[in-house]
Amino acid sequence: MSAEEGVIMTVQEEIIRVKEVSFYYDSIPALEDINLSVVRGDFLAIIGPNGSGKTTLLKLMVGLLKPASGQIFLFGQEIENFRDWHRIGYIQQKAINFDPHFPISVEEVISSSLNSNPKIRNKFKSNQKQRIMDSLATVGLEKLIDRPINTLSGGQQQRVLIARALVTEPEILLLDEPTTGVDLKAQEEFYDLLGRLNREYHLTIVLVTHDFGIVNRHVNKVACLNQKLVYHGQHEEFCSSSVVQEFLKGGHHLVSHRH
Amino acid sequence: MTELLASGIFWRALVAGLFLALACGLLGVFLVLRKEAMIGHGLSHVAFSGLALGFLLNFMPLAVSLAVCLLGAILILEIREHGSLYGDTALGIISSAGLALGILLVSMKRGFGVELMSFLFGDILAISLGEVWFSAVLALVVVILLRINYHALIFMTFDRETALVSGVRVKQLDRMMVLLTAMTVVLGLKLVGILLVSALLVIPASAALQVAPNFKKTLLSSTLFSFISIISGIFLSYWLDTPAAAMIVFVSLVLFVGTLTGKKKKMSF
């Protein structure tokens, strides 16, 4: 690790750094020259219209895609050399749209993650049952530990996936449109839970969403994307900036739809 | 009955059959959930060309078949990875190639019709002691590798993308599953035959999926259904003087239909 990266890690506590990153699907640009940083304790919302590259950016941040140019650092380390994946919790888009016939209990969903590779297994091998119970208690589902996951509501399933991410004691959660297909009340409860995890557990959160209104009161930073980074900064400044007006013109939702 | 139980042939068939049931019952659940139910069927056609080659060279047909089947499995993986094809197209191509090669090799030598027939339709009562050991070793390899990678396999089958982010070696495990299937197919050749071996990889697992509430019980039920199919199939074939492979598959089908009808009553064991 270079001296410069060491400074980044210890002084600024920069958890994710995206540096001059571009990405193309075939030759069509999806992201161009993105510079962005996530600092410990942030609750960052990445917003933008459909096709603006939000999901692509999140997938780049967790190593599912490789940038065409530029670099990504996780905890000060280049992503290619990063191995401590238990420090990162990821919840993919449509995560709850899994096979409804898949025979798996809530406990098995979480324990499969806890034992998925030797490094994580060795780190968390003691009191596994208690760890699973604790992570479920955090999301308020400890009583459902033995239930098949396909018998839970969409909102409950979503919280099980949060519990699965939390069980490896991550320092950051990255979520991609996590409440797609979940009713509005469950969505609000879900984002309240994320807000609580951010405030009380000091968990850094990066959230991709197209519906900014519903997370508005929880986030402290906003990154506004439309292939390029249109805005990246504090939430308060964002709300009073001209970017808001531009986004409203583009049909982007800043208030949630109540059907 | 006493005569049957006193016969070494019967016990060899039963022991080899139970090893096969164990491998198929466990592996089948993963294959069905990975939407790879037909991979056993495709690889059995590849195994056919291996058997034909073994007979032609007059050298250990099962071992040659295993080598050819593993090679076929690797080719399927390579074509899948680099061929830009849809779904199970790679499987379709390699399975046809295997069958065509098998037919060509068979036509090159006269006189192994009877031996080859025993592999096409299975001949569980003609199992040698060596073949019992062969099945024991292969089944053990399948069980050990599934046990070691149990949680990672569940994770990636349930939520592949998140498993990738968590550092699960998804590609290596994909390869492992195809190679284990190739081994299991060869393990089943002599017992239930090329034409029916894939049934044991699909039907007991599908029956288990109808009734079991979690993954562990699905694996247990699938293995149990495989055991029941093999044991009952062997007894029925003896009593009714019918081919064992067909009876084994019929029993598994009856179990499957039974679980379909009892689907709403989830197991509470």
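## Where the two chains meet

Let's start with the meeting of the two chains: 24 residues of chain B are in contact with 24 residues of chain A. Keep in mind that this is a predicted model.

The size of an interface is often given as the accessible area lost when the parts come together. Here, chains B and A bury about 2,200 Å² between them, and carbon and sulfur atoms account for 62% of that area. On the side of chain B, Phe158(B), Glu161(B) and Val165(B) supply 34% of the area buried against chain A, more than any other three residues.

## A histidine to look up

Now find His151(B), which sits in helix α8 of chain B, residues 150-158. Is His151(B) buried or exposed? Its relative accessibility is 18%, so His151(B) counts as buried, the cut-off being under 20%.

Leaving aside residues up to four places away in sequence, His151(B) touches Ser111(A), Ser112(A), Asn115(A) and Ser116(A).

## Two helices packed in chain A

Two packed helices are described by the angle between their axes and the distance between the axes. In chain A, helix α6 (residues 154-166) packs on helix α7 (residues 184-200) at an angle of about 20 degrees, and the axes are 9 Å apart. Because of that angle, α6(A) is roughly parallel to α7(A). The crossing of α6(A) past α7(A) is right-handed.

Which residues meet here? From α6(A) come Gly155(A), Gln158(A), Arg159(A), Ile162(A) and Leu166(A); from α7(A) come Ala186(A), Phe190(A), Leu193(A), Leu194(A) and Leu197(A). The residues of this contact between α6(A) and α7(A) comprise seven nonpolar, two polar and one charged.

Key:
Residues numbered from 1 in each chain as written. Chains lettered and ligands numbered in written order. Predicted model: local features only at pLDDT ≥ 70, side-chain atom pairs only at ≥ 80, totals over all residues. Heavy atoms only, no water. Axes fitted to C-alpha atoms, helices over the stretch in contact; angles between N-to-C directions. Helix = DSSP H or I, 4+ residues; strand = E, 2+ residues; numbered from the N terminus. Parallel < 35°, antiparallel > 145°, perpendicular 65-115°, else oblique. Left-handed = near helix turned anticlockwise from the far one by under 90°. Contact = heavy atoms within 4.5 Å. Nonpolar A, V, L, I, M, F, W, Y, C, P; charged D, E, K, R; others polar. Buried < 20%, exposed > 50% of the residue type's maximum accessible area, 1.4 Å probe, protein only. Buried area = accessible area lost by both parts, 1.4 Å probe.
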